[in-house]
Amino acid sequence: MHAADLDALHLGQALALARHAIGLSEPNPRVGCVLVAPDGRQVIGEGFTQQAGGPHAEVMALRDAQTRAQSTRGATAYVTLEPCAHHGRTPPCCDALVAAGVARVVAAVGDPNPLVNGQGMARLAAAGIRAEWGPAELAEQARELNIGFFSRMQRGRPWVRMKMASSLDGRTALADGRSQWITGAAARADGHAWRARAGVVLCGVGTVLADDPRLDVREVAIARQPLRAIVDTRLQTPPQARLFAAGGSPVRLYTASADSAAAQALRERGATLVPCPLVDGRIDLAAVLADLHALACNELHLECGPTLAGAWLQGGWVDELLLYQAPVLLGPGRPLAQLAALPGLDTAMRWRFHELTRVGDDLRLRLRR
Ligand SMILES: NC(=O)C1=CN([C@@H]2O[C@H](COP(=O)(O)OP(=O)(O)OC[C@H]3O[C@@H](n4cnc5c(N)ncnc54)[C@H](OP(=O)(O)O)[C@@H]3O)[C@@H](O)[C@H]2O)C=CC1
Ligand SMILES: Nc1c(N[C@@H]2O[C@H](COP(=O)(O)O)[C@@H](O)[C@H]2O)[nH]c(=O)[nH]c1=O
């Protein structure tokens, strides 16, 4: 095998490891690391980012090599994100690689964190390590895996993914509000895997009143549950809602009524109330996003009904649609999103298909602007 192919192989292995950090490392990026012996072939250590404050991928791989009684002197480290050069909650990974005597580092993509941003590779090079970038297609995959982290670092807001389940005729509920279930079990479990990626799962009070949702991750294994959030101008969320069942992750309620008696009852159920400004009598979604950014949310997972879905879409906030379409016709019912009438087709909000997959009997469509 050529050296370039070996690089692609090992960096691909590091990417596979990085995927194990989904639902574990947030808000830190998902990173994988593979250490390869000087012969260029033998894998001597593997690791991925642990929970925030815990060891990064490089340190896990170095420890793994130690456990395997393998020397890291002269080794190559394949890492899916540029090694960090700053003191965060843990010391810089660059220093650990230098101390371990690694001869070469191949990174898939640069770290967009302004505290790193090229300085990791520069610091390695200054220490005499060959610091190189991997192939472009792996850079794209590494970036995609951390799309929320890149969004937070580069745009100052989370990546906003809106999940919806609809019928063939675009209905998300019957006219009386019933919607469980439109899609099959496989698609619903897949939806949980996307919840698992998120820092926060959010819906509107209309969905709370209609569905009494739990909004947690149940269908896939996860080390930490995402936070849950409700947008509820007048605090109509019932204190007995299932969201507040014992053992659930924290619930944040965005409201204009944080001083009311209802607020006190919800606080007693463990909710955190976040006072928000109003726009046209409803919660300012820009304020919600700013709050979620302050909480270091990388990926925001929306599961709203048509009213709030329409507001997020019309505000231009949605980066990705995650649409499950079931092969069923529902007739009269609730739309995907409540949108204003268009003056003409040329002003329509157009999307492009990013991915199309069959999940069980349903389709999963991922679309981006
Ligand atoms: N198939 C699917 O994927 C899904 C279907 N559903 C279905 O949708 C229906 C519920 O829909 P809906 O009532 O629209 O629920 P939403 O989740 O969209 O909640 C809407 C409510 O959010 C509140 N809100 C606060 N701020 C805003 C804002 N800036 N913009 C818009 N709304 C805001 C409003 O109430 P207020 O002004 O009082 O704050 C509004 O009535 C149910 O039938 C449910 O089963 C729900 C989720 C997913
Ligand atoms: N009806 C419908 C969905 N509905 C979504 O699931 C939520 C319920 O979440 P939970 O209480 O955690 O199971 C509900 O409020 C709504 O957002 N999802 C789907 O994948 N397919 C479906 O057909």
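**Exercise 1. Overall dimensions and confidence**

Task: State whether the radius of gyration of the 369-residue protein chain agrees or disagrees with that of a compact globule.

Solution. A compact globule of 369 residues would have a radius of gyration near 21 Å, and the protein chain has 23 Å, so the two agree. The radius is taken over C-alpha atoms, and the globule rule is 2.2 Å times the number of residues to the power 0.38. Along the principal axes, the C-alpha trace spans about 65 × 45 × 35 Å.

The model is predicted: local features need pLDDT of at least 70, side-chain atom pairs count only at pLDDT 80 or more, and totals for chains, interfaces and linings use all residues. Residues are numbered from 1 along each chain as its sequence is written, while chains are lettered from A and ligands numbered from 1 in the order in which they are written. Mean pLDDT, the predictor's confidence in each residue from 0 to 100, is 96 for the protein chain, and 100% of its residues reach 70 or more. The model scores ipTM 0.98 and pTM 0.97.

Next come the secondary structure and the packing. The protein chain holds 11 helices and 18 strands; helices (H or I, at least four residues) and strands (E, at least two) are DSSP runs, numbered from the N terminus. Of the 369 residues, 45% count as buried. A residue is buried if 20 or more other C-beta atoms lie within 10 Å of its own, exposed if 12 or fewer, and partly exposed in between, with C-beta atoms placed from the backbone. Among contacts with a separation of 6 or more, 70% come from residues 24 or more positions apart. Two residues are in contact if their C-beta atoms, placed from the backbone, lie within 7 Å.

**Exercise 2. The annotated positions**

Task: Find which residues UniProt lists for "binding site", and where it places the "active site".

Solution. Step one is the record. The unreviewed UniProt entry lists His56, Cys84 and Cys93 for "binding site". These three are spread over 38 residues of sequence but cluster in space, with a largest C-alpha distance of 9.1 Å. The unreviewed entry places "active site" at Glu58. UniProt positions follow the numbering used here, feature names are shortened, and annotations may be inferred rather than shown by experiment.

Step two is location. His56 sits in the loop between β2 (43–48) and α2 (57–67), Glu58 lies in helix α2, and Cys93 belongs to helix α3 (residues 93–99).

Step three is burial. His56 counts as buried because it has 28 C-beta neighbours inside 10 Å. Glu58 also has 28 and is buried, and Cys93 is buried with 30.

Step four is contacts, leaving aside neighbours within four places in sequence. His56 is in contact with Val31, Thr49, Cys84, Thr90 and Cys93. Cys93 touches His56, Glu58, Val59, Pro83 and Cys84. The contacts of Glu58 include Cys33, Gly47, Pro83, Cys93 and Leu97.

**Exercise 3. Two ligand shells**

**Exercise 4. Helix α4 and its cover**

Task: Identify the buried residues of helix α4 and what covers them.

Solution. In α4 (residues 119–126) the buried residues are Gln119, Gly120, Met121, Arg123 and Leu124. Their cover includes α3, β4 (104–107) and β5 (130–133). Within β4 lies Val105, buried with 27 other C-beta atoms within 10 Å. Beyond four places in sequence, the contacts of Val105 include Leu97, Leu124 and Ala131. After α4 comes Gly128, with a positive phi near 90°.
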